Amino acid sequence: MAPPTSTMTETSTASSQTTPPQGLDSPAAQPSGTAPHEPKVNSQTASAKMIKFPSPPTITDKQEERKYLKGRLALAFRIFGKLGYDEGVAGHITLRDPVDPTTFWVNPFGLAFSLIKSSDLIRVNHKGDVIDGGENRLLNTAAYMIHHAVHAARPDVLCAAHSHSIHGRAFCALGRELDCITQDSCAFYDDHVVYRQFNGVVLAEEEGKKIAACLGNKKAALLQNHGLLTVAQTVEAAVFWFISLEKSCQAQLMADAAARGRGGETVKIDDEDARFTYKTVGSPRAGWFSAKPAFDLMARECGEEYLQ
């Protein structure tokens, strides 16, 4: 049987800072005074409707945690495959190993996302050597260069996701930040960057370090002329931020085109409202919880095959 996806806990309280490393750097972090997913409703008002809700599981045995997280990573790839985020051999999601945090797990180069099982994943050390994993031990050099740099620069990041999704790479051709024009896009308010360089496929260590430096303490980067990159304290949140960012890019491309076709501009959410909404929909816990339905559904569709 697949391991549990959550445990039931009381709503936690945490710092109200608006970037993960400043108080929102734990998987269950939720700003104080906010409801889990109810903008402009405080926790006291919402308590009658939502007293308890799931949070990421706590696993004390590191070997068991590794096994569990590899299963979640396999599901993450299958979700990406189902959503069409695969194109040829491009794209990668990495998981910091809980047993040896200086290493990470990643998909083997050339294996379809929708086929990936736990046993297919490969583990890579800080030198870029494949030291564990399935029979296919081909490593995507770009995956190592980008993800090694991000994991090294961000000790709080458990998972990082990058792929060449169609709306993400279309929006990244504009070289601009995302506007807060929807509630969903507020999850990225003051929490994403634009990496305004393109030097071809990332095959050099220096390029990976530049991307990591540009990302800073944010949860997402728009890589100009390239695609999207998201990071999080859980596999689930990294996946949800990627999906949400891709859809926010799609929404803005459509809204901008429609508005300009009528000779106008989109209506932006003001900073105060965007900042308030971010505290509810942009926290690590909100990211994990928002991804839970997709992971539950994919686990049901796959049975236990993905755990093999």
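Helices H6 and H8 are roughly perpendicular to each other, a label given to angles of 65 to 115 degrees, with under 35 being roughly parallel, over 145 roughly antiparallel and the rest oblique. Their axes cross at roughly 85 degrees and come within 7 Å. An axis here is a line fitted to C-alpha atoms, for helices over the stretch in contact, and angles run from 0 to 180 degrees between N-to-C directions. Helices (H or I, at least four residues) and strands (E, at least two) are DSSP runs, numbered from the N terminus.

This is a predicted model, where local features need pLDDT of at least 70, side-chain atom pairs count only at pLDDT 80 or more, and totals for chains, interfaces and linings use all residues. Residues are numbered from 1 along each chain as its sequence is written, and side-chain values use heavy atoms, leaving out hydrogens and water.

Who touches whom at the crossing? On the H6 side, Val235, Glu236, Ala237, Val239, Phe240 and Trp241 meet Pro284, Gly287, Trp288, Ser290, Ala291 and Phe295 of H8, with contact meaning heavy atoms within 4.5 Å. That contact splits into 9 nonpolar, 2 polar and 1 charged residues. Ala, Val, Leu, Ile, Met, Phe, Trp, Tyr, Cys and Pro count as nonpolar, Asp, Glu, Lys and Arg as charged, and the others, Gly among them, as polar.

Now for the sheet. It is open and mixed, with 8 strands in the order S6-S5-S4-S3-S7-S10-S9-S8; strands pair if DSSP finds at least two bridges between them. S6 (130-133) and S8 (192-195) sit at the edges with a single partner strand each, so one side of each has no neighbour in the sheet. The twist averages 20 degrees from one strand to the next. S3 and S7 pair in the antiparallel sense over 4 bridges, and threonine 94 stands opposite alanine 160 in S7.

| Helix | Strands crossed | Angle |

Of its 23 lining residues, Pro27, Glu65, Leu69, Leu158 and Gln233 are the closest to its centre. By class, the lining has 13 nonpolar, 4 polar and 6 charged residues. A pocket is an open set of points on a 1 Å grid over the protein atoms alone, where a 1.4 Å probe fits, with protein on both sides within 12 Å along at least five of seven lines; lining residues have an atom within 4 Å of a point.
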